[in-house]
Amino acid sequence: MLLEWLAPVYDRYCKVIGLGERFRTDTLRHAQLKPGDRVLDVGCGTGVLTRLAQDAVSPQGTAIGIDPGPAMIAQARDNARAAGNRAEFRLAAVERLPFPDASFDVVLSSLMFHHLPPETKREGLREVLRVLIPGGRLVLVDVGKPGHFLWWLVVWPFLLMPMTAPNLRGEVPIYLSAAGFAPVETNGMRWRIITFWTAVKPKTNTVVT
Ligand SMILES: C[S@@+](CC[C@H](N)C(=O)[O-])C[C@H]1O[C@@H](n2cnc3c(N)ncnc32)[C@H](O)[C@@H]1O
């Protein structure tokens, strides 16, 4: 896994690059969590957002983080234990979620989507839709289409990579709508590149072909 080596220092690294507490609070604000909610954090890494979600839904609610990186999951469990936090962590990938249909009120996806090639993006969103309750919401925060031309000087090589190109071309909302989410909203940006989206699983059944 690409970021496994970073697991022991990942939380400190995030703070240093400016993705600390405030970024996490902003992400959770879009989730509108309530005590008692069941939350899934896909691609949870070391679980920083999962732990904050668990705090927001306690005492009855649950927050579960999944990640395919064994070092990330081990670190997430250690961090939660050290913080006395009840969040749970499981080794799994977003494209094959080990949960029954309609098991979660809210799904979080933070800085994970740009790691997935196009077909896995589609499979992952289908799985997220499946495990959400009707009316449940996905909060997705990730790299989007740069909001300032100077960013292109830095990010243009990533247009050549299948994982990052759809994000940079501004196609994340297209993927969300194609998976069957409606409405899909863009809720602002950080540094004119990290973008917050919310996407709702419709209450009525829609067939996506
Ligand atoms: C940049 S980290 C983000 C971690 C955390 N969500 C955060 O906001 O700090 C990206 C994470 O996505 C995970 N990841 C990569 N492919 C994945 C997949 N197919 N399903 C779920 N997670 C995946 C990686 O293992 C890594 O932990």
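Helices (H or I, at least four residues) and strands (E, at least two) are DSSP runs, numbered from the N terminus. This is a predicted model, in which local features need pLDDT of at least 70 and side-chain atom pairs count only at pLDDT 80 or more, while totals for chains, interfaces and linings use all residues. Residues are numbered from 1 along each chain as its sequence is written, and side-chain values use heavy atoms, with hydrogens and water left out.

Select Pro59 to begin, in the loop between α3 (48–57) and β2 (62–67), where a cis peptide bond with omega of about 10 degrees joins Ser58 to this proline.

Now turn to the rings of Phe, Tyr and Trp (its six-membered ring), which pair if their centres lie within 6.5 Å, with planes under 30 degrees apart counted as stacked, over 60 as edge-to-face and the rest as tilted. Four aromatic pairs are found in the whole structure. One of them joins Tyr10 and Tyr13, a tilted pair at 6.3 Å centre to centre with 40 degrees between the planes; both residues lie in helix α1 (residues 10–16), three residues apart. Select Phe99 and Phe104 next: their ring centres are 5.0 Å apart and their planes stand at 90 degrees, so the pair is edge-to-face.

Finish with Lys121, whose charged end sits over the ring of Phe113, 4.6 Å from its centre, a charge being counted as over a ring if NZ of Lys or CZ of Arg is within 6 Å of the ring centre and within 35 degrees of the ring normal.
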